[in-house]
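Hi everyone, thanks for coming. Let me put the structure up, and then we'll walk through one part of it together.

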Amino acid sequence: MAAPDELFCWEGDWGLPSVSTDCLVVLAYAQFAGAPLKLRKMSNPWRSPSGLLPTLRINQKETLTRPSDIIIHLRKQKYNADYDLSAKEGADSLAFISLLEEKLKPALIYTFWVEPKNYVDVTRRWYADHMPFPLNFFLPGRMQRGQLEKLRLLRGDESLESGEELEKELYRDATECLNLLSQRLGSHKFFFGDSPSSLDAFVFGHLAPVLRSKLPNGKLQQHLKSLDNLSNFCSNILLLYFPRDGRESCGQKTSSPASQPDGGDFDHVPNKRRKQLLSAIVALGAMLSYALLTGMVSIQQEALEEPPDRETVVGSHGEDEDG
C-alpha cells in the first residue's frame, strides 16, 4: 500500500489549524474528503520541498503548491468532497469560488499585508516571532512584497497606490461578497446540504483568519462578525473538524518562540541538536545579515534544513490520528 502524500503547511495560532488562508483551504478539504495526508506543520517555508507553504509532496518527487491543484489531485485519488453535488451545484460552487478570488481575496491581502497597523502589529510580528533566525529578519518583508504583487495582479493595476480610496473600494467589494455568501448559506449548516464541499473549504479558509485574529484595524472583521450565520459556519467547522485547535485557543498556546518549537503544533519533543545548531549559526547569521538583506548572497535550503517533524495523518475523523 502506497504511503500517504505529505502536506507541508504553516503552523496554527488564534485557535486555527493554520494562519494561512491557502493552508486552511487545503486542510479543510482534506478533512471533508477524508484524505489520509501526512501533515507537517512548520514556520519555515524553506523546510518544505518547494520552499513554499502549502506544499503537497507526491511519491517523494512531485510537488503541488496551489490549493486548486492540490484539490484536483485529491479528487483523482478518489477523495472528492463534491461527489454528491448536482451539475447546478457544481457550477454554483465554481462561481462563488471565483467571487471569493475576485472580490474578497484582494481585501484580505490589504487587511493583513498592506494596512499599516495590521501588518506591523499582527502579520509581520507573527511571522518574525515564529520564524527561526536569521530568516525572521528578511522573509516577512519578502513575503509582503509577494503579496503586494499578487494584489496588483488581482486588480490589474501596476501602480496600486495604497490609501483611503483603495481601502474603501476593496472593503466595499469584500462586504458585497460576504453579504452574498451569507444569503447563499442562509440557515443551512453547509452551502450544499448536510455535508461540506470544496466551496465550504474555500469560504472557511478565507474567513477564519479574519474572524479569529486580533486586528487593530478590524473594519472587515466587524462586518463579518455581524453576519451571524457565517461566523457560526466557521466556528462549527473548527468544532467538528479541528477540535484540538479550538481547545488551544483558550489560552494554551503562546506566540513566544521559546515555548513554541519551529516544527509547529505537532512537534512537541525538544530537540537538543536543533537548538545547538540554531545557536551555532547566530554568529554567522550576524555577519551575513547585510548580504542577505541586499540579496548579495543566498542560503541554500539544505543549510538550514532541520530534522523532520513528527508525522501526523489527516483523515476524515478529527484533525489527525497522532493520538
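So, at the start of α4, which backbone nitrogen does a side-chain oxygen of Glu115 reach? The backbone nitrogen of Lys117, to within 3.1 Å.

Quick housekeeping: this is a predicted model, where local features need pLDDT of at least 70, side-chain atom pairs count only at pLDDT 80 or more, and totals for chains, interfaces and linings use all residues. Residues are numbered from 1 along each chain as its sequence is written, and side-chain values use heavy atoms, leaving out hydrogens and water.

Okay, α4 itself. Helices here are DSSP runs of H or I with at least four residues, numbered from the N terminus. This one covers residues 116-130, and there's a kink of about 35° centred on Arg124. That bend is the angle between axes fitted to the seven residues ending there and the seven starting there.

Which residues of α4 are buried, meaning under 20% relative accessible area? They're Asn118, Tyr119, Val122, Thr123, Trp126, Tyr127, Ala128 and His130. They pack against β1, α3 and α5.

Now the rings. Aromatic rings of Phe, Tyr and Trp (its six-membered ring) pair if their centres lie within 6.5 Å; planes under 30 degrees apart are stacked, over 60 edge-to-face, the rest tilted. The structure holds 10 such pairs. Trp113 and Tyr119 sit 6.1 Å apart, centre to centre, with planes at 40°, so that pair is tilted. Trp126 and Tyr127 are edge-to-face, at 5.0 Å and 80°.

Conventions
Helix = DSSP H or I, 4+ residues; strand = E, 2+ residues; numbered from the N terminus. Expected span 1.5 Å × (residues − 1). Buried < 20%, exposed > 50% of the residue type's maximum accessible area, 1.4 Å probe, protein only. Contact = heavy atoms within 4.5 Å. Polar contact = N/O pair within 3.5 Å; in protein donor to acceptor, adjacent residues only side chain to side chain.
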